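Trainee: Could we go through this model together, one question at a time?

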Amino acid sequence: YLRELPEPLLTFELYSQWVEAGRIENSDERLQTLWTLVRSLPPENLANFQYLMGFFNELAKHSKVNKMGPSNIALVIAPNVIWSQEETESTGMMMDRSEE
């Protein structure tokens, strides 16, 4: 579902800011920047994001059984909630060529 959205949940507009936030070494500053970005999401994206975070929190609570701790969840989910517009355009071009 998430990867099939026309725009990623974390939006094309904020893509570079998310990437830059991930590079901030100071954990307090990084967390503050991430919260600012979350609050700047469109309302529909924010609601979906909040729901997913609740689900992932519940999933992580059972990590001893399901092996899905926060790091594993992030590895699996990140490519499905954030990607660059260039990636979308190049994927579209590849799909166009496969239809020829």
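Trainee: Among contacts in the chain between residues at least 6 apart in sequence, what percentage join residues at least 24 apart?

Mentor: Quick caveat: this is a predicted model, where local features need pLDDT of at least 70 and side-chain atom pairs pLDDT 80 or more, while totals for chains, interfaces and linings use all residues. Numbering starts from 1 along each chain as its sequence is written, and side-chain values use heavy atoms, leaving out hydrogens and water. A contact means heavy atoms within 4.5 Å. Counting pairs at least 6 apart in sequence, the share joining residues at least 24 apart is 55%.

Trainee: What pattern does the chain follow along the sequence?

Mentor: Helices are DSSP runs of H or I with at least four residues, strands are E runs of at least two, and both are numbered from the N terminus. The chain has 6 helices and 0 strands. Read in order, that gives α-α-α-α-α-α.

Trainee: Which helix gives the most to the lining of the largest pocket?

Mentor: A pocket is an open set of points on a 1 Å grid over the protein atoms alone, where a 1.4 Å probe fits, with protein on both sides within 12 Å along at least five of seven lines; lining residues have an atom within 4 Å of a point. Here 22 residues line the largest one, with L10, W18, L34, F49 and M53 nearest its centre. Helices α1, α2, α3 and α5 each supply at least two lining residues. The top contributor, with 7 residues, is α3.
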